[in-house]
Amino acid sequence: MNVQFTSYSWRNQQNKETGTKAEAHMDIKAHIAATRFGLGHAHDFDVPSASKSALLTQVQNAHSSSTASNAEALISDILSFQFSARSAAMAGEVLPPEKRAVFNQSFRQSVNDRLALSVESEAPFRERLVQFWSNHFAIDAKSLVVRALAPDYENAAIATYVGGRFADLLKSALLHPAMLIYLDQVNSIGPNSIAGQRGREARELKGKKAGLNENLAREILELHTLGVNGGYSQGDIEELARAMTGHTIAHYSRQRDAKEGSAGKPLGRAIFIPQLHEPGERRLLGQRYPDTGAGQFLGMLDALAVHPATATFLATKLARHFVADAPPAQLVKSMATAYLGSKGDLMALYAAMLDAEESWRAEPLKFKSPWDWTVSACRLISNRAHERIVAHKFVQDLGQSIWQPGSPAGFGDQFTHWASPDGLVRRVGAAERLAGRAGQDPLSADAIDALFPANMLSVQSRSVLLAAESPRSQWAIALSLPEFQRR
Amino acid sequence: MTVNRRHFIAQSMMASGLAFSPFSIGPLHAMNAPTDQRFVFIIQRGAADGLAIVEPRGDAALTGLRKGLMSADPLRLDGYFALHPALPKIHGLAQKGQAEIVHAIGTVYRQRSHFDAQAVLETGGATAQSLRTGWMNRLIGMLPQGAQSAMALSPIIPLALAGKNHVGNVGLENNAPVSDDLAMQMSTLYASDPELGPLWQQAMQTQGLLSTNKGDAKGGSTIGTAAADLLRPANGARLMMIETGGWDTHSAQQNRLTRQLTHLDAMVDALASSLGPLWNKTLVLVATEFGRTAALNGTQGTDHGTGSAAFWLGGSLGSRTPVVAEWPGLSANALYQGRDLMPTRSFERMTAERLSAHFGLSPVNTLATLFPSV
């Protein structure tokens, strides 16, 4: 049997060294590290270490989930597919459905890969952070091209930077082709740029507006940095959008200057094309930015990254994600202060969260999202259960479509976003299906104690769990328990 | 039988004195609610083409704009407008005065993003970002105690119903039932959880009410029947939202729209007939976030536009005329930005007016509460 419920390395260690009270304390702390800051207990309950420094080390050392970007090849595949689909349509034909099915199959496989990574991860705090930031910089995989790029976006543009400066993460996310395409930056042209002047006459003939697109600029200020009440104006959005013109993808647009500016660059690479860039000095939040081409926008991002409103916004979101729907004001304040003091170092932000006592309160205040519940269930039952479900469909039926939150704001992160009558019933139904994958071993009393240490399991839950009529029904109950829905 | 056991679970909870109304969090003492009017909002996500659904056949410019899209045998409504042939049941309602179509209608939103436009349609705000709660949720708060039960026929609560007032939900698609034994055990275990207990109880009671088998509920008539099941009981839902998607017909519109409308027609027909006498106390709104371009595009479809058409349906509507519109016309200079049907009626004002009359609320308060942007 591959499920061992009797060896808890951290518990055995504690038994040797400390008395009962300390042990109970460590039980809870290790439990919180595994659940609130991790992805849930693994089936062997092997929690390497519960300390703050061990959690931070996960972020610094493990590079399990970050990969080099493959966006250029992906875009090339998609564009040639779209080209052949268009050619077929013009010839009155339809492409064989297998052609499109390849992309959908690849997307589904990527969600299963993400689940496998989460279930098997030995750096779960880091994976949580990758998934948090991926949702902070949300893209939506509704269109074929963003769908194809979404896994690359998370694994390359996000995962690589979660342990560094926020400014670097910000630039990496915004300049990945998935974001440039999703929020229409690839269509944005400075009205007074070379391309803008050339195109003006043609556009006026067609009754179209000049080519500045504010979508990404608006979301940068509202969702990625300052937050909706961060003290910016419509004028700031426009200035940011103007500075950003020129940042685009090579060979993506059919506009003449964009084509010329892409010469010699590989298809699909994020590049800066001066011919699209709006000339002139810009002002953002009262600060002047001379026209340095590509650097004008990057300089704005550096300033936005260390703005006090950004610090508070990021601290609030992170604390809300890990600690409580309504995080304590003092916690947010100390996190924001540490972040600003370090000039935008994400490790300082995480460290401040893990330093605060409020973060380690025994009472679990966070309701698991469908994804987090699925990961924690698969980690607990192990037995390769995660390989035997279609993760995308499984989690979607619970109310969450991975990489497809439907809006640049990403998935909500509070109880009301995920808890609904139907959502709860679906979760219990899913628990029952997963229980069928759990193998024949029942949960021992020791395993139950490890899963819910101290007084975290109600007397009633414990007795129903122990009285279950079969291992399968016991697993279904365990995954459905009120105590298993929160972290 | 699963259904019987579900009924048993629901009834045993009621008998145990822990009973809650299936649709609102609160004790079940309001069987005789002060209002028994029902309201159903069927949202059409993706921008439904009002000009194809309710064709202005009398407009001389129509043929020039969309010759390839016009119905060969539309259902005549009056001397000017005709209904898409895939809506025979709704046409039947119109002939009985039980349908009223408001044409050339739009919200305050004037750009062309689905997401932002749906946010405006559902929140009732001036922009996509200005309000965080939905107008249907705020409507719950205006109804008397005991009539505040709201329900979404979807696995997540849609934005129009989001807010501080409690809303139930049930998604009919892809939902394998929970075994009876586990359902019983979890009823016990969730009962003492103040957050999850009420959600679970409501879900069990909702399932007990559904006469249709879940899991195959893609058909319009199945959804309409399920909606009626949940609206019928004395303590049933008073407000309901039903999701429909797939209206974004950029290409091959003719076939896709026919499929969409067939689904909608079957849903409305099943809802009306399954409600029986309660159809006379029910008001249904069918509306979309914006319309589509007046002209056909290069791929036999239409692109994002502005004005569209909304439907009011109900047994006691007593509509004297099937279409209400201040028709702006489709000539080149009558179109919004030279391309879209110009909205001449306000979605917000129309909805506030209808709902205040239906529920006996102050028109001024209703408008101010539901649509403060107007």
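This is a predicted model: local features need pLDDT of at least 70, side-chain atom pairs count only at pLDDT 80 or more; totals for chains, interfaces and linings use all residues.
## Helix α11 of chain A

Two residues are taken to be in contact when their C-beta atoms, placed from the backbone, lie within 7 Å.

Helix α11 itself covers residues 215-224 of chain A and is mostly covered, since eight of its 10 residues are buried. Those buried residues are Leu216(A), Ala217(A), Arg218(A), Glu219(A), Ile220(A), Leu221(A), Leu223(A) and His224(A).

## Chain A as a whole

Chain A holds 24 helices and four strands. Its radius of gyration is 25 Å, close to the 23 Å that the globule rule gives for 487 residues, so chain A is as compact as a globular protein of that length.

Of the 487 residues in chain A, 51% are buried. When the contacts in chain A with a separation of 6 or more are considered, 72% of them are accounted for by residues 24 or more positions apart.

## Where chain A touches chain B

The interface brings 28 residues of chain A into contact with 32 residues of chain B. On the side of chain A that touches chain B, the elements that give two or more residues are α21 (421-435), α23 and α24 of chain A, and α21(A) gives the most, with nine residues. Divided by kind, the residues of this side of chain A comprise 12 nonpolar, 12 polar and four charged.

For the complex, the predictor gives an ipTM of 0.88 together with a pTM of 0.83.

## Ala468 of chain A

Ala468(A) is found in the loop of chain A that runs between α23 (459-466) and α24 (471-480). Because 19 other C-beta atoms lie within 10 Å, Ala468(A) counts as partly exposed, given that a residue is called buried at 20 or more.

If its neighbours within four places in sequence are left aside, Ala468(A) is in contact with Ser473(A), Gln474(A) and Ile477(A). Thr312(A), by contrast, lies 156 residues from Ala468(A) along the chain, and the C-alpha atoms of these two residues are separated by 47 Å.

## A sheet in chain B

Chain B contains an open sheet of three strands, arranged in the order β2-β4-β3 with antiparallel pairing. The edge strands of this sheet are β2 (54-56) and β3 (75-76) of chain B, each of which pairs on one side only.

Strand β3(B) is joined by two bridges to strand β4 (residues 81-83) of chain B, and these strands run antiparallel. Within this part of the sheet, Leu75(B) stands opposite Leu83(B) in β4(B). In general, the strands of a sheet pair through backbone hydrogen bonds, either parallel or antiparallel.

## Confidence in chain B

The average pLDDT of chain B is 88, and 89% of the residues score at least 70. Two stretches of chain B should be read with this score in mind: over residues 13-20 the pLDDT stays under 50, and the model has 14 contacts for them beyond four places in sequence. Over residues 25-33 of chain B the pLDDT is likewise below 50, and the model shows 16 contacts for this stretch beyond near neighbours in sequence.

Conventions
Residues are numbered from 1 along each chain as its sequence is written. Chains are lettered from A and ligands numbered from 1 in the order in which they are written. A residue is buried if 20 or more other C-beta atoms lie within 10 Å of its own, exposed if 12 or fewer, and partly exposed in between; C-beta atoms are placed from the backbone. Ala, Val, Leu, Ile, Met, Phe, Trp, Tyr, Cys and Pro count as nonpolar, Asp, Glu, Lys and Arg as charged, and the others, Gly among them, as polar. The radius of gyration is taken over C-alpha atoms; the globule rule is 2.2 Å times the number of residues to the power 0.38. pLDDT is the predictor's confidence in each residue, from 0 to 100. Two strands pair if DSSP finds at least two bridges between them.
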